[in-house]
Amino acid sequence: MRDIRNIAVIAHVDHGKTTLVDELLKQSGTFGERDETEDRMMDSNDIEKERGITILAKNTAIDYKDTRINIIDTPGHADFGGEVERVLKMVDSVLLLVDAQEGVMPQTKFVVKKALELGHRPIVVVNKIDKDAAEPDRVVDEVFDLFDQMGANEEQLEFPVIYAAAKNGYAKISLEDENKDMIPLLDMIIEEVPRPTGSDEAGLQLQVFNLTYDNFIGKIGIARIFNGTISMGETVTLVKADGEKVKGRVSKLIGFKGLEKMDIEKAGHGDIVAIAGFETIDVGDSLCDPANPMPLDPLHIEEPTLSVTFAVNDSPLAGTEGKYVTSNKIEERLEFEMNTNIAMNFKPQGDAAFEVNGRGELQITILAENMRREGFEFSISRPEVIVKEIDGVKCEPFEHLVCDIPDEFSGTVIETLGKRKAVMSNMVPMGNGQTRVEFEIPARGLIGYRNEFLTSTKGEGVMNHSFLEFRAYSGTVTSRKNGALISTEDGEAVAYSIFNLQDRGQMFVSPQTKVYNGMVIGEHARENDLDVNPVKAKQQSNVRSSGADEAIKIIPPRDMSLELAMEWIEEDEIVEITPENIRIRKRELDVSKRRRAAKDKKNNK
């Protein structure tokens, strides 16, 4: 039996997990001399590469000193906390990365809590020690305090520490050591990470922690073998979370090494493999010995906290830019997504709409962005939090929010968050003119806040949040202060009209942009909505006017990305998404119907 170590890399978003895994792959001799490598190799899809974030947990394996080290790179963003939680059950220890300057952040707390509960003894990697403002000793103290606060036992509090600058390719046991390579970290993994428990002789026990999908072989479960062995072509029993048992044959057994996947004949306990041949396989399911099936405990999958409505696009420009526009195609695509993404679910609402539930705005916008790139055309409503009843009390999700802001803006941020029902729980001066403020806030209060936060901190603030718990409903939360500028005409926007409308607010459209009646073309400077005509050209006459030679100066429009648009809209607005454009429009396009609805709403109050 070969020597195996199973480890996951956990950290807050942007603390360097993927870069560290890259360096371990390069320096362990996994690649040959001629193999081409690139930065952040584990971030495989386009959106991950563009945004520099990890969205899906991915696994790789390296061979070092006759030991197979299976490494799982996990996402750092709070919306993907479910991925991290599942992965931690599949490994025997974790590398906890902490930024040497930023220290302990909200997501660090979330992942540490889960790792300690499972009994793991983390290896703490203080990363980015090459930063000018790095304070490695302070960060180690912060991590110790965090472990203590989370109820770590004596053994867990005696955690090993290593200092690294993954980007520069070195790690060292002591700050005084020379900057050489990542070998000290690889040695530490072999010494400190326990060998997998279990044995090859026992009956098969294998649990699925992730899913992928292949058009030729169907669902593929990525799983860890806790006991026994599994062979290609073997007949085994799949035990579902609800206890249902299905016999099936392993049609494909795949092993991992570096960035490669290869077909293997057999795998033993401690191995991480991919298995095909079971169409109903799901996360948390076990594969067992048919003679004596002993399934493992099913995994807890956290519930979604946010919902949006995906609907068929019915605007005047519908069907002109997208390839897939029908509700059947949208439903097919959502079903395909749910095959592998278990933190989301959806249900049909009427003929042409679907309610999609997920963990957060980022998770939902990434699904929408992927669909848009694939040629889909659809519309999305404003995100709403999922409210549920616990012991007869109406409850909503709350978030733990941490803001790092320049000292002079802290008053403004505290005031605006106060209006959104946030309660300040901590305030610490960080030095360098920065303050860290912590809040507990209803998830509703965060919808649409990011843009306002960046404006009130002049782009210098950093905010991070993670799910806290469901608490009693906290009443109404203030939302967008400004109204919308709404087009009353169909056609193309004209420079002359835009120039005259600039004083009324900030525009979202530029000259020659296609507009239609009911489309939102800008943000009004005041609280009310304003109906305007952006297609009105200058009337020409044969009399020379005094303003004929005045230059028209147009302020560049605000570029509304998918996230910005989803945050900006109110309940009576929707975002129209096509492969070429993102537009904001009113649900009700007709002006008189909108006014009547507003009047009725006012009277009902």
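In the predicted model, the largest nonpolar core comprises 62 residues, of which Val126, Val143, Phe147, Leu206, Ile230 and Ile275 touch the most other members. The surroundings of one of these residues, Val143, can be described in more detail: when neighbours within four places in sequence are left aside, Val143 is in contact with Leu96, Val98, Val104, Val124 and Phe159. A further core of 34 residues lies apart from the largest one, and its members include Val356, Ala368, Trp568 and Ile569. In soluble globular proteins, nonpolar side chains tend to be buried together.

At the level of the whole protein, 15 helices and 35 strands are assigned, and buried residues account for 52% of the 605 residues. Of the contacts between residues at least 6 apart in sequence, 71% join residues that are at least 24 apart.

Salt bridges were searched for over the whole structure, and 30 were found. In one of them, the side chains of Lys131 and Asp99 meet at 2.9 Å, taken from N to O. Lys131 is placed in the loop between strand S5 (123-127) and helix H5 (136-149), whereas Asp99 belongs to strand S4 (residues 93-99), so the pair ties together parts that are 32 residues apart in sequence. The two partners fall into separate accessibility classes: Lys131 has a relative accessibility of 28% and counts as partly exposed, while Asp99, at 1% relative accessibility, counts as buried because the cut-off for that class is under 20%.

Glu469 and Arg471 form another salt bridge, in which the closest N and O atoms are 2.7 Å apart. Here Glu469 counts as partly exposed, with a relative accessibility of 37%, and Arg471, at 25% relative accessibility, also counts as partly exposed. Elsewhere, salt bridges that share partners join Asp529, Asp572, Glu573 and Lys586 into one network.

Asp407 is located in the loop between strand S24 (393-406) and helix H10 (410-419), and its relative accessible area of 37% classes Asp407 as partly exposed. With neighbours within four places in sequence left aside, the residues in contact with Asp407 are Gly433, Gln434 and Thr435. For Thr435, the separation from Asp407 is 28 residues in sequence, while the C-alpha to C-alpha distance between the two is 5.6 Å.

Conventions
Residues numbered from 1 in each chain as written. Predicted model: local features only at pLDDT ≥ 70, side-chain atom pairs only at ≥ 80, totals over all residues. Heavy atoms only, no water. Core = buried A, V, L, I, M, F, W, Y, C linked by side-chain atoms within 4.5 Å. Buried < 20%, exposed > 50% of the residue type's maximum accessible area, 1.4 Å probe, protein only. Contact = heavy atoms within 4.5 Å. Salt bridge = Lys/Arg side-chain N within 4 Å of Asp/Glu carboxyl O. Helix = DSSP H or I, 4+ residues; strand = E, 2+ residues; numbered from the N terminus.
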